[in-house]
Number of protein chains: 2
Amino acid sequence: MKRKHCVAVLMALIVAAMVCGCSAVGGALRADPLPSWNDGTVKKNIFHFVKEVTDSDGTFYVPPDDRIAVFDNDGTLWCEKPLYVPTVFVLHGLSKRAEDHPELRSRQPYKAVWEKDYGYFETLSEQELYQLTVEPFTGMTQTEYVAMAGHFLKKARHQRFKVPYTSLVYQPMVELLSYLASNDFEVFIVSGGMAGLMRAFSREVYDIPPERVIGTSAMFDYTKRDGKAVLIRKDTLVEPICDWDGKAINIQLRIGRRPICAAGNSTGDLEMLEFTADGGAPRLILLVHHDDDEREYKYDAGAEKALDMAKARNWNIVSMKSDFNVMFPFEKPR
Amino acid sequence: MKRKHCVAVLMALIVAAMVCGCSAVGGALRADPLPSWNDGTVKKNIFHFVKEVTDSDGTFYVPPDDRIAVFDNDGTLWCEKPLYVPTVFVLHGLSKRAEDHPELRSRQPYKAVWEKDYGYFETLSEQELYQLTVEPFTGMTQTEYVAMAGHFLKKARHQRFKVPYTSLVYQPMVELLSYLASNDFEVFIVSGGMAGLMRAFSREVYDIPPERVIGTSAMFDYTKRDGKAVLIRKDTLVEPICDWDGKAINIQLRIGRRPICAAGNSTGDLEMLEFTADGGAPRLILLVHHDDDEREYKYDAGAEKALDMAKARNWNIVSMKSDFNVMFPFEKPR
């Protein structure tokens, strides 16, 4: 009787496993994990790469622990035109501070914002522009900063598309993040944008938690408020700034090893792409090319060197016009 | 016939689920996840805390995404006496470099190591000692550095216990890391020790991957070797150093939010413990107290302020003598 019971349970388990197994395989055969990508070389290369590194019997198998992927944010995961969102947030911060502190309105950079003299910002060097990302938020706790960023992202609207900036993420790239994650990749954002601003939406929009967002940041002062430990934003930047060679350096400092997949869109991403590519094979290197002025923007400015390098090294140049079936999540497929 | 088949499969699934479910519950009831901890207040508090934050119907539930735990390394996870392992590795590096470059033997700090004048190091400030952690490794790639660290950890033996340093991790603390991980905590090491040295063993010994090791680090130069991108160690430190208030600041920079659990053993951990404790409730704060000179070492030096604070704020003081049933993994339970 007891033995009969065991056999019954065993049979039940086998049947259950067969039923579950078959339906899972059926599902996988049916579903395209990248429906917003058009069929083409890039999509084929993505599938080929993931197949190679996840095939435990293959030559190019990479164990899950080493499946690191890094993605730039502005222009790679979301729209960066006509202005970087980080820049819009800084202008918002400067304007807010000038509103609250009239005495600041006569000195730069507050004067320029208050008088809407945006030409002033074009006279600044890249280092000075990065310095501006900390200026209007100095003295805030990071909690206050992230709350302000969250409020800004909720209220602000893109001037052309009239939607929140977080609606202007590229649907095919979001699918790619998710496809890599489902293949046991650990995906990081590595961006010149401010870490606190990205962390205000990265989990909700990209399913990437704060600790996997590497960006530019203010230094902090450890102090007490109402007897409790808090960190207060200083007016200096943490070095290295997360742009150009600073992207590769921050990857080493934070992640501690080379990625096997990297995606960017501009010359600021060049060292990150190169550092990833030069680590061995196989690699998936993507350069998002803005060539669709109908659905987004068309520009090569700031990406010339990266495009040359991508051609020379046979990296994947993603044509937004041809490779993306859908641009933004709110669009219908063509 | 078809319907009968469906019912059979459904029954099979129900039986299978019941069998699996029961045996899992039985297993959980039997196994103590912290067998190397003696029963006592600290062990009780650990279980109570984990129960509270994982009970989705309770007042103190914390979703898995926010279950962040931070652990100091030296003196908290492994033995730091009679010398910090990072210090032993630096002395090894200085000595190796003096061996290869005779011209260095007449200048400090190489002279002191070459002549075994260890008193020299006692004259240095903490900042100067941290500076020494980059000195002998300047010009190496990080890959070379981590390989050298791995070789050192394999060869070097602790002077009293005659085993590799990686055998001198505290078994109860390793069990705690694993217990937290199994309850969906994301565990980070946050230590003044060098990130590259810890990353050489953290995965194997603690099951913590490189990206969750936050330590002190050299700055890098991005350059090319044989036409390939590499990062070369500079002779400067990345700021802030990961000690004292720098621990709290690095937690904010890297993880982007406050932990709900923190463990340390000395005054260098004070701000990390405070920053964690002041974030709300419930919190699990542990201070490992070295009070067992029979099985390890007995000392309060360097921990006085932390011990006072722990008593004042009712944090968990872990008595290694009373709370640890086993000290090191190679010991038999008492």
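Author: The answers below concern a predicted model, and they take up cavities, salt bridges, a sheet and pockets.

Reader: How many cavities of 30 Å³ or more does a search of the whole structure find, and what is the volume of the largest cavity?

Author: Rolling a probe the size of a water molecule over the atoms shows where empty space is left. The search, run over the whole structure, gives three cavities of 30 Å³ or more. For the largest cavity, the volume comes to about 170 Å³.

Reader: Which residues lie closest to the centre of the largest cavity, and which elements each supply at least two residues of its lining?

Author: The lining of the largest cavity has 18 residues, and those closest to the centre are A:Val238, A:Asn250, A:Arg254, B:Val238 and B:Arg254. By class, this lining holds six nonpolar, eight polar and four charged residues. The elements that each supply at least two lining residues are strand S3 (213–216) and helix H11 (245–254) of chain A, together with strand S3 (213–216) and helix H11 (245–254) of chain B.

Reader: Where do B:Arg203 and A:Asp65, whose pair crosses between chains, lie, and which residues are linked with them in a network of salt bridges?

Author: Side chains of opposite charge can pair when their charged atoms come close. The side chains of B:Arg203 and A:Asp65 form a salt bridge with an N to O distance of 3.4 Å, and this pair runs from helix H10 (residues 202–206) of chain B to the loop between helix H2 (41–54) and strand S1 (68–71) of chain A. Both ends count as partly exposed, because the relative accessible area is 26% for B:Arg203 and 43% for A:Asp65. The network of salt bridges that holds B:Arg203 and A:Asp65 also links A:Asp66, A:Arg257 and B:Glu211.

Reader: What is the order of the strands in the open sheet of chain B, and which strands are its edge strands?

Author: The sheet has six strands with parallel pairing, in the order S3-S2-S1-S6-S7-S8. Within this order, S6(B) and strand S7 (residues 284–289) of chain B pair in the parallel sense over four bridges, and B:Ala262 stands opposite B:Ile285 in S7(B). An edge strand here pairs on one side only, and the edge strands are S3 and strand S8 (316–319) of chain B.

Reader: Which element gives the most residues to the lining of the largest pocket?

Author: The largest pocket has a volume of about 1300 Å³, and its lining of 43 residues has B:Glu80, B:Tyr84, B:Thr87, B:Glu126 and B:Leu129 nearest the centre. Among the elements that give two or more residues to this lining are helix H5 (119–122) and helix H6 (126–132) of chain B. With five residues, the element that gives the most is H3(B).

Reader: What classes of residue line the second largest pocket?

Author: The second largest pocket holds about 1100 Å³ of space, and of its 36 lining residues the closest to the centre are A:Tyr84, A:Thr87, A:Glu126, A:Leu129 and A:Tyr130. By class, the lining of the second largest pocket consists of 17 nonpolar, 10 polar and nine charged residues.

Note on methods:
Residues numbered from 1 in each chain as written. Chains lettered and ligands numbered in written order. Predicted model: local features only at pLDDT ≥ 70, side-chain atom pairs only at ≥ 80, totals over all residues. Heavy atoms only, no water. 1 Å grid on protein atoms, 1.4 Å probe; cavity = no way out; pocket = protein on both sides within 12 Å on 5 of 7 lines; lining within 4 Å. Points joined across faces, edges and corners; volume = space filled by probe spheres on them. Nonpolar A, V, L, I, M, F, W, Y, C, P; charged D, E, K, R; others polar. Salt bridge = Lys/Arg side-chain N within 4 Å of Asp/Glu carboxyl O. Buried < 20%, exposed > 50% of the residue type's maximum accessible area, 1.4 Å probe, protein only. Pairing = 2+ DSSP bridges.
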